[in-house]
Amino acid sequence: MHRPSGPARLSLLYAVVFTEIGIAMPFMPLWLDGLGLDAGVIGVLLALPIATRIVATAPLMSLLDRGLGPRRLIMLGSLALSLTYALMPGAAGIGWPALASLIVLNAVAGAPLVPCIDYLTLAAVRRDARLVYARIRMAGSIAFLLANLVGGLMLSALGGQLAVPLLLTGLALAAGFVAWRSRSVVALPQVPSGTMRPRLPLRLWLCIGAAAAIQSSHGAIYGFGSIYWTSQGIAPAWVGSLWATGVLAEIALFAGITTLPAAWRSPVRLLALGAAAAILRAVGMYLLGDHLAALVPLQCLHGLTFGATQLGAMAAVSTFAPEGARGRAQGTLSAVNAGISVVATLASGLAYRTGGPLAFLLMAPLAACGLGLALASDRVTSDTDRQP
């Protein structure tokens, strides 16, 4: 029986994990609402995973630099994820505090999954110049889009209050199985035991800050884009199409990234491109966010605001993180991104309550900070590239 190649298995890992995310993100809130919980309690339960990832991701990813294999961490995380999903219906019957405890454990289990696959993929790309990170990562975006589109149909077919946790349990188990079958997916460099942990260089810290600021500038549109569009009379079917347009633009960038000149695939250029697009998108949403004709090209900018920023961040980790600190760098990027995103989302909620579309405009300065940090990282030389 033919075994899929390393890149194919990495693509499959991305696909399974992002299918789980694509089901959990839109449908877990609906499942919580179906339990009859108060809206305030639901808000707390939805905020818990974000807060948990801020605290848990970097320490868990640091285990990779101390000898724990990323494949093993994916397997353990997936098994724990499936167990917590399976126990959620029972915990909900006990009460929301029990459910909250499981949600925290669930978030800890899931925190290292995507960073670990990124870690493996970047290692594969560094070993084989023919591989392209974006082409492998694209499988995750395609799976996420398909999960959004067909998830509702799958859940309707399963029926009942058990449908969401049951489906997510199966997907988490599938991720663990794929990780177990990927024993030889890529050879990783061995860091001698007893060596000092290398510091993350200043240039990388600046790129991490830039990427987190740009990604966090999505806070307003992620949280309130759909609400604002429907309040302006845009049909829900069009709202779904607008979100699909953004993901398709992201997939198109991942598929065509190699056609860009090599100079434009550097960490700083990609981050700057994402930041400039995020500024334009924020201003455009404020001025034209109630015009459907304008929203289509604005959503196409997601290919840059998310896609180019993601590629720039991964290029920075791969290029600037020293051996023995790559896991920590990957985890730090995820944790900083989550932390700033929480603040941006909360701020956009307050702004939307008082100023409506002004919330979108307030994301522009955040993206501009990302642009400034990206450009600052380009001015850091090897002589000044030290830990801040």
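**Labels and their cut-offs**

Author: The protein chain has a mean pLDDT of 87, with 92% of its residues at 70 or more, pLDDT being the predictor's confidence in each residue, from 0 to 100. This is a predicted model, in which local features need pLDDT of at least 70 and side-chain atom pairs count only at pLDDT 80 or more, whereas totals for chains, interfaces and linings use all residues. Residues are numbered from 1 along each chain as its sequence is written, and side-chain values use heavy atoms, with hydrogens and water left out.

Reader: Which elements have the lowest and the highest mean pLDDT?

Author: Among the elements of the protein chain, α6 has the lowest mean pLDDT (84) and helix α11 (residues 267-288) the highest (97); helices are DSSP runs of H or I with at least four residues, numbered from the N terminus.

Reader: Why is I142 called partly exposed?

Author: Buried means under 20% relative accessible area and exposed over 50%, with partly exposed in between (1.4 Å probe, protein chains only); the relative accessible area of I142 is 34%, so I142 is partly exposed. I142 lies in helix α6 (residues 133-158).

Reader: What makes the pair of F177 and W180 tilted?

Author: Rings of Phe, Tyr and Trp (its six-membered ring) pair if their centres lie within 6.5 Å, and planes under 30 degrees apart count as stacked, over 60 as edge-to-face and the rest as tilted. By this rule the count comes to six aromatic pairs. One of them joins F177 and W180, at 5.9 Å centre to centre and with 40 degrees between the planes, which is tilted. F177 and W180 are three residues apart in helix α7 (residues 163-180), and therefore about one helical turn separates them. F177 is partly exposed at 48% relative accessibility, and W180 is partly exposed at 40%.

Reader: How do you know that the pair of W229 and W243 is tilted?

Author: The ring centres of W229 and W243 are 5.4 Å apart and their planes stand at 45 degrees, so this pair is tilted. Because W229 lies in helix α9 (residues 219-231) and W243 in helix α10 (residues 236-256), the pair ties together parts that are 14 residues apart in sequence. W229, at 0% relative accessibility, is buried, while W243, at 24%, is partly exposed. Y222, W229 and W243 form one aromatic cluster.

Reader: What makes the charged end of R269 sit over the ring of W264?

Author: The rule asks for NZ of Lys or CZ of Arg within 6 Å of the ring centre and within 35 degrees of the ring normal; the charged end of R269 sits over the ring of W264, 4.7 Å from its centre.

How values were computed. Helix = DSSP H or I, 4+ residues; strand = E, 2+ residues; numbered from the N terminus.
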